[in-house]
Amino acid sequence: IARKGLASINNMKNGDFNLHNDYFNSLKAINPNVRKYFRIGDITALQMNIVKTCKNTFQSITGNSWFTSKEISYIEAVYNQLLSETLVDIDQLTTIITPNNFIMKDDERMVRINSIYNDIMDKHIFAENFSNEINALRMQRLKESKDVEISRLLTQLNK
């Protein structure tokens, strides 16, 4: 009777352990629906757009005389920091959607993906606004330069 009782207790203990083990292993797996979540594509598209915006804006200011080297260095530092932060976001996303990295429920993964999306959307908005400000400043300086040139020409004509 004692052996049967101990065997029964051992089987229950192992069964309970296996249930818990299976549950935690299932939390490590990635649901295919989570992998196909549309925000994942949105995040990567926003990150590529940020890279493109930074690259295009930086190329538009280098090689001309509208910005000082100090201003160019500042803009470069801002863009480098922004790009570094977006890489952290992409690394976090990759970690979340890779099996066996986290023990999370599907809804927890979705919440984290949405949080990354919100973070990268903020960075995207910042990149666009910063780029627009730089372009506006470039255009303003170009206009001022043309105004000075026209003023010079008019002064020479009046002499």
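Reader: Which residues does threonine 57 touch, not counting residues up to four places away in sequence?

Author: Threonine 57 touches Tyr79, Ser131 and Ile134, where contact means heavy atoms within 4.5 Å. This is a predicted model, in which local features need pLDDT of at least 70 and side-chain atom pairs count only at pLDDT 80 or more, while totals for chains, interfaces and linings use all residues. Residues are numbered from 1 along each chain as its sequence is written, and side-chain values use heavy atoms, with hydrogens and water left out.

Reader: Why is threonine 57 called buried?

Author: Buried means under 20% relative accessible area, exposed means over 50%, and partly exposed lies in between (1.4 Å probe, protein chains only). Threonine 57 has a relative accessible area of 3%, so the residue counts as buried.

Reader: What makes the pair of tyrosine 37 and phenylalanine 38 edge-to-face?

Author: A search of the whole structure finds four aromatic pairs. In the pair of tyrosine 37 and phenylalanine 38, the rings are 5.1 Å apart centre to centre, with 65 degrees between the planes. Rings of Phe, Tyr and Trp (its six-membered ring) pair if their centres lie within 6.5 Å; planes under 30 degrees apart count as stacked, over 60 as edge-to-face and the rest as tilted. The pair of tyrosine 37 and phenylalanine 38 is therefore edge-to-face. Tyrosine 37 is also buried, because its relative accessibility is 16%.

Reader: Why is the pair of phenylalanine 126 and phenylalanine 130 called stacked?

Author: The ring centres of phenylalanine 126 and phenylalanine 130 are 5.5 Å apart, and the angle between the planes is 10 degrees.

Reader: How do you know whether phenylalanine 126 and phenylalanine 130 are buried or partly exposed?

Author: Phenylalanine 126 has 38% relative accessibility, so this residue is partly exposed. Phenylalanine 130, with a relative accessible area of 12%, is buried. Both belong to one aromatic cluster, together with Tyr74 and Tyr79.

Reader: How do you know that the charged end of arginine 39 sits over the ring of tyrosine 117?

Author: A charge sits over a ring if NZ of Lys or CZ of Arg is within 6 Å of the ring centre and within 35 degrees of the ring normal. The charged end of arginine 39 is 3.9 Å from the centre of the tyrosine 117 ring. Arginine 141 lies over the face of phenylalanine 67, at 5.1 Å from the ring centre.
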